[in-house]
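Student: Could you take me through the aromatic rings of this model in close detail? I would like to see how they pair up and what surrounds them.

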Amino acid sequence: MDMVRNYLSQFTRQQKVLMALMIATFCIAMNYVSRNMGGGGIQLPYNNFSWIAGATFIFFSLVFAVFNKSLKLSKGALFYFLVVALLLLPLAYTNRLFLDVETLRFTGFGAGLLFLVCLYQNKGSSLKSFWLNVLFASTLIQTLWGLLQYYVILEPSVLFYRADLGRPYGVFQQVNDFTSYLALGTMFAIYYGFTSKSLSTLKLSVLAFIVFANFHLGILADADAALAISLVSVLIYLAYFAVTTKRYSLLLIFLSAALIGTLIQRDWVDIRNNTEATAKVASVAAAASEEVSAVQSVSSAETVVEASKNESEQNAGGEASTLGPLGTRATIYPVVVEMIKEKPWMGYGVGSFPKQYLLAQGEYLLDNPGAPGEFHLNHPHNELLYWVVELGMFTVVPFILLLVGWIYGMRKGVIDSKTLLLALPLVLHSLVELPFYHTTVHFLAFLLILFCADKTKGLSIRLPKFSWVIVAPALLFAFVQVQIFLLSTMHALQMFLAFNQTDRQEIKLLTGVNNPAAFKHRFEFELFQWQLQKGLKEGRIAKQELLNYIYWAFSVTQYAPLQSTYENFVDALAIYGNRDAALKYAEEGLLMYPSSDKLKRRVGRLKSGK
C-alpha cells in the first residue's frame with residue numbers, strides 16, 4: 001500500500017483524476033458488451049460505454065486546461081493535425097451529397113482528435129508510462145477473457161453472452177478485432193521484456209506465457225488475417241530489438257513462445273463437443289446473415305464467426321464458392337482498383353462507397369462469374385483505398401506524409417521507435433480490414449500510442465485570464481449533450497431489440513425510440529417496412545403511403561442499398577403503375593444482387609408485360 005502511495009505522490013490531483021478515467025475507459029467501459037444490432041466503433045452504436053468514459057476523460061482534461069489557463073501541444077501534435085487537414089481537404093471540392101449520412105463517422109473522427117489534444121495537456125515520462133501500462137492491462141483482460149470463454153465458460157452468462165459459440169473473441173464482436181488487440185498485448189509483452197531494467201526469471205516467464213497465450217487464442221478463434229498480421233508484427237518488432245539490443249537469447253524465447261502458440265492446433269485442445277459447437281456456430285451465422293440483410297452494417301451482434309471468416313460466399317450465379325486465402329478480398333481489391341481508375345481525382349463522394357461498389361462488383365461478376373461476391377460492404381477492407389475511392393487520389397498525400405513523418409521522426413530521435421512500433425498490429429490490420437470502425441478501443445489505443453511515442457518539443461498557448469467564464473459552461477453543455485445522446489442511443493437499442501423479439505409486429509416499441517439518430521437507416525427501414533407489409537397484408541395501401549415508401553426507397557438506395565429494399569422498391573413502383581421505373585430499378589438491383597430470385601422474376605415479368 002505504501003508503494004502505491006509513493007507512486008501516486010508524484011502526480012497532481014488533476015492527473016490522478018485523469019488516470020482514473022483512463023482506467024475506466026480501457027479497463028472497465030470497453031469490457032462490457034451485451035446483445036445488440038452491430039455497428040461501427042467510430043460510427044457507434046455498440047461501443048457506447050467506451051465513448052461515455054472517453055467523453056468524460058475529454059471533458060475533464062479540457063476543463064483542467066481552461067482553469068490552468070494553458071493549452072499544451074507539441075510539434076508532433078501539429079504534424080498530426082496537418083495530416084488530418086490534408087486528409088479532409090477534398091471535402092471542399094468533392095461530392096458531399098451524402099455527407100450527412102457520414103455524420104457519426106466524422107463526429108467520431110473529431111472526438112478522436114480531441115482525445116489526442118487532451119493527452120497532450122499532461123505530458124511527462126511517468127504519465128506516459130502509466131498510459132502504456134493501462135493499455136497493456138486492457139489487453140491482458142482480453143487474454144483472460146478469451147481463455148475463460150474457451151476453456152471455462154461454456155454457456156452464455158451476463159458477461160459471456162455468446163460463450164456457446166465455441167470460439168474466444170473477448171469483448172469484441174469479430175474474431176480478427178479480438179486477435180489484433182491481443183497482438184497489441186503481445187507487442188507490449190515484448191516491449192517490457194526488452195526494456196525492463198531488471199528482468200527476473202518469473203517476469204520473463206509471465207511475459208513469454210502472454211505471447212504464447214495470445215497466439216494460441218488466435219488459433220482457437222480461427223482468426224485468419226489478424227493472426228498473420230500478429231506474426232508479421234512480432235517478427236518486425238523482434239528484428240528491431242535484435243538490431244538495437246543484440247539480446248538474441250531473449251529474442252529466441254519470445255519467438256519460440258509465438259511459434260508454439262501458433263503451432264498448437266485447435267483440434268488438439270478442443271474440450272467441447274465439436275458437432276454441437278459447429279451446429280451453434282452455423283445457427284448464429286445464419287442469424288447474422290439475416291440480420292445483415294435487414295440492415296447494412298459493418299458487423300452484427302451475432303457475427304463473431306460470420307464477419308471474421310466466411311467459409312463460403314455467393315458468386316454471381318448465386319452458388320456457394322470456396323474462398324481462397326484472401327477471402328472476398330480477391331474480388332474486393334480488383335473491383336476497388338477499377339473504381340479508382342474510373343474516378344481517380346474527384347472520387348465518388350463521401351458516403352457513396354456502398355452502392356458504387358455493388359454496381360462495380362456487378363459488372364466484375366458478369367466477366368468473372370466464379371468469383372466470390374461481397375454484398376454487404378461499407379468499407380473496402382483497406383483504409384487508404386477507402387479514402388481514395390470516396391475523395392480521390394489527393395488523399396494519398398497525407399498517408400504518405402504520415403509514413404515519411406514517422407520514419408523521419410524515428411531517425412531523428414523525436415519519435416520513440418520502440419513505442420511507435422507497438423501500433424504495428426493496428427496499422428497493418430487497418431490495411432486488410434476495418435478495426436477502427438469496428439471498435440472504439442482500437443481507435444483510441446492507436447492515438448494513445450502516437451502520443452506516448454512523441455518526443456518533440458512542447459508548445460504552450462496561454463489562454464485569456466477569464467476564458468473559463470465562457471469556455472467552461474460551453475464544455476459542460478456539450479458534455480451533457482453528448483452523454484444524453486449516448487444514453488438515449490442505448491435506450492433506442494433496447495427498443496429495437498424488443499421490437500425484433502415481437503417478430504417486428506409491435507410498432508409502438510419502434511415509435512417509442514426517442515433518439516433514432518444512431519440508427520437512422522434502421523429506424524426508417526423498419527418503419528416503412530412495417531407500413532408496407534401491413535398494407536399488403538390487408539389488401540389495401542394508401543396512395544400517399546406508397547408514395548412515401550417510394551420516395552424513401554429511392555433516396556436510401558443511393559447510399560445504402562439493400563437487397564430487400566430494392567425488392568420492395570420495385571414492387572411498390574409496379575403497384576403504383578410505373579412499370580418503366582420498376583424495370584429500371586429491378587435491373588439495377590439484379591446487377592448488384594445477382595442471386596435475388598425475386599428480382600429475376602420481377603425483371604422477367606416486367607419485360608414480358610405481365
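Tutor: Happy to! Rings of Phe, Tyr and Trp (its six-membered ring) pair if their centres lie within 6.5 Å, and planes under 30 degrees apart count as stacked, over 60 as edge-to-face and the rest as tilted. A pair of aromatic rings is described by the distance of the centres and the angle of the planes. Searching the whole structure gives 39 aromatic pairs. One of them is formed by phenylalanine 67 and tryptophan 468, which are stacked, with 5.6 Å centre to centre and 25° between the planes. Phenylalanine 67 belongs to helix 3 and tryptophan 468 to helix 20 (residues 468-501), so this pair ties together parts that are 401 residues apart in sequence. Helices here are DSSP runs (H or I, at least four residues), as are strands (E, at least two), numbered from the N terminus. Phenylalanine 67 is partly exposed, at a relative accessible area of 45%, and tryptophan 468 is partly exposed as well, at 37%. For these words, buried means under 20% relative accessible area, exposed over 50%, and partly exposed in between (1.4 Å probe, protein chains only).

Phenylalanine 528 and tyrosine 549 form an edge-to-face pair, with 6.1 Å centre to centre and 70° between the planes. Since phenylalanine 528 lies in helix 22 (residues 520-538) and tyrosine 549 in helix 23 (residues 543-556), the pair ties together parts that are 21 residues apart in sequence. Both phenylalanine 528 and tyrosine 549 are buried. Elsewhere, Phe194, Tyr237, Tyr240, Phe241 and Phe254 are linked into a cluster by ring pairs.

A charge sits over a ring if NZ of Lys or CZ of Arg is within 6 Å of the ring centre and within 35 degrees of the ring normal. The charged end of arginine 105 sits over the ring of tryptophan 387, 4.9 Å from the ring's centre. Likewise, lysine 128 has its charged end over the ring of phenylalanine 451, 5.1 Å from the centre.

Do keep the basis in mind: this is a predicted model, where local features need pLDDT of at least 70 and side-chain atom pairs count only at pLDDT 80 or more, while totals for chains, interfaces and linings use all residues. Residues are numbered from 1 along each chain as its sequence is written, and side-chain values use heavy atoms, with hydrogens and water left out.
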